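Open the model in your viewer and keep the selection panel at hand. The tour goes from one selection to the next and says what is there.

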Amino acid sequence: MGAPSPDADLQAFLLRMGDSCLILGHRISEWCGHAPALEDDIAMANVALDLIGHTRLWLELAGEVEGAGRSADDLAFLRDADGFRNVLLVELPNGDFGNTLMRQFLFDAWHVPKLRGLSASSDTRVAGVAQTAVREATYHLSRSTDLVVRLGDGTAESHRRMQAALDRLWPYTFDLLDVDDAETALAAAGVVPQAAEVAGAWHDHVEAALAEATLVAPADGPEHRGGRSGFHTEHLGYILAEMQFLQRAYPGAVW
Amino acid sequence: MARPSVEQVWDWLAGVPDPEIPVVSVVDLGIVRDVEWQGEELVVTVTPTYSGCPATGVIQLDIEARLRECGVENPRLVRRLSPPWTTAWISSGGRARLESWGIAPPVEGRASTGLPVPCPRCGSGRTERISEFGSTPCKAAYRCVDCLEPFDYFKCL
């Protein structure tokens, strides 16, 4: 095998973006019809819809860069878990509503600066997708931050649940902020933002919001990593089993 | 038939309604960015609104169907993502029609500041936001404190 080409790096990166949006979009759509209030139910479904929209744009581009004729649907429905490159955070189970919101908040706080950087990508195709997605993600971040602050600094019970969610999810933020050689090479070429820039923006936003929410991030503990190399938690397989069932059982089915 | 002029095509497209909010056309919404003849092909450039908007696919079909109905044999739709669509592209006529339909048009620059959005029903400025996320990706849910009606606000993007 020769050295990875710039296109292979780009494709790996596009899968990371597309898969992360796809799995989170699928996860939060599980709340449809079950959220604690109608407005939250609608908001959750809207965020899921936006993320699936981003997925389509990223995976279409991933298929185009790959050049093997795979569509966004092919990539979403016909790869197995070890082919997925999503961040681990998004595949974790929803848990209670607080846990779902904390996961969303930690993701959104990464998603927005990432997309902001990508909007200025030297690759105009990447920039186009990011410019479309970033404004939607900004609404997501504003909602998840607002709710994390309100529930963290809310009742004793809501505070307890939000702190427990933060403790549970924090180890996965290392995977979220992780970068690999492919992404470092893309950053050097101006295709993606520098990792430190995104991580810095993430830390600033998360720390300020958590302080306002009277929540405390764990000082030390486990650091989970692996999503970008295809090493996932056990949960991803279950998501794919449900999400891909139709295309696996009835290959090529359309409506 | 003779090749229709670009102006004629714009007129036809002004008659293609948004599938979700039929009082406004795809031209009112500003999603048709360009119309031009390239050889024998009529190329229509469309910029989608929200990335996950389910109406996007329907709009493309509607545009193509309308052009074929008008006798255009080779329409080709091209998607353009950059610059991204913004509510600033909604025409003034479109804004007025949104309001008459009961949807408060976007108040540019006020989206995230929480400043009041006038009630499309009674005109009162005393309204409050119920949720930033409404019945479709492009709308937020509001309520008028004076006439007490809930209403949709076409939020800024």
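Which residues have the most contacts inside the largest nonpolar core? Select A:Leu14, A:Trp58, A:Leu89, A:Met102, A:Leu106, A:Val148 and A:Leu169 to see them; the core has 106 residues. A nonpolar core here is a set of buried Ala, Val, Leu, Ile, Met, Phe, Trp, Tyr and Cys residues joined through C-beta atoms within 7 Å. A residue is buried if 20 or more other C-beta atoms lie within 10 Å of its own, exposed if 12 or fewer, and partly exposed in between, with C-beta atoms placed from the backbone. Helix 2 of chain A gives the most to this core, with twelve residues. Domain 1 (6-85) and domain 2 (91-154) of chain B both give residues to the core, so it lies between them. In soluble globular proteins, nonpolar side chains tend to be buried together.

Before going on, note that this is a predicted model, in which local features need pLDDT of at least 70 and side-chain atom pairs count only at pLDDT 80 or more, while totals for chains, interfaces and linings use all residues. Residues are numbered from 1 along each chain as its sequence is written, and chains are lettered from A and ligands numbered from 1 in the order in which they are written.

**A core residue**

Select A:Leu169 next. Leaving out residues up to four places away in sequence, A:Leu169 touches A:Leu89, A:Leu92, A:Met102, A:Arg103 and A:Leu106. Two residues are in contact if their C-beta atoms, placed from the backbone, lie within 7 Å.

**Where the chains meet**

Now show both chains. Here 22 residues of chain A are in contact with 16 residues of chain B. On the chain A side, helix 2 (38-66) and helix 5 (124-152) each supply at least two residues, and helix 5 gives the most, with twelve. Helices (H or I, at least four residues) and strands (E, at least two) are DSSP runs, numbered from the N terminus. The chain A side divides into nine nonpolar, eight polar and five charged residues. Ala, Val, Leu, Ile, Met, Phe, Trp, Tyr, Cys and Pro count as nonpolar, Asp, Glu, Lys and Arg as charged, and the others, Gly among them, as polar.

Within helix 5 of chain A, pick A:Ala133. Is A:Ala133 buried or exposed? A:Ala133 is buried, because 29 other C-beta atoms lie within 10 Å. Not counting residues up to four places away in sequence, A:Ala133 touches A:His54, A:Leu115 and, across in the other chain, B:Ser51.

**Chain B**

Chain B has three helices and seven strands, in the pattern α-β-β-α-β-α-β-β-β-β along the sequence. Colour domain 1 (6-85) and domain 2 (91-154) of chain B separately; domain bounds come from an automatic or database domain assignment. Taken over C-alpha atoms, the centres of these two domains of chain B are 26 Å apart. Their contact takes eleven residues from domain 1 and ten residues from domain 2.

Last, select the open sheet of chain B, in which four strands stand in the order 4-7-6-5 with mixed pairing. Two strands pair if DSSP finds at least two bridges between them. Strand 4 (103-104) and strand 5 (127-131) stand at the edges, each with a single partner strand, so one side of each is left without a neighbour in the sheet. Strand 5 of chain B runs antiparallel to strand 6 (residues 139-144), joined by four bridges. To finish, find B:Glu128, which stands opposite B:Arg143 in strand 6 of chain B.
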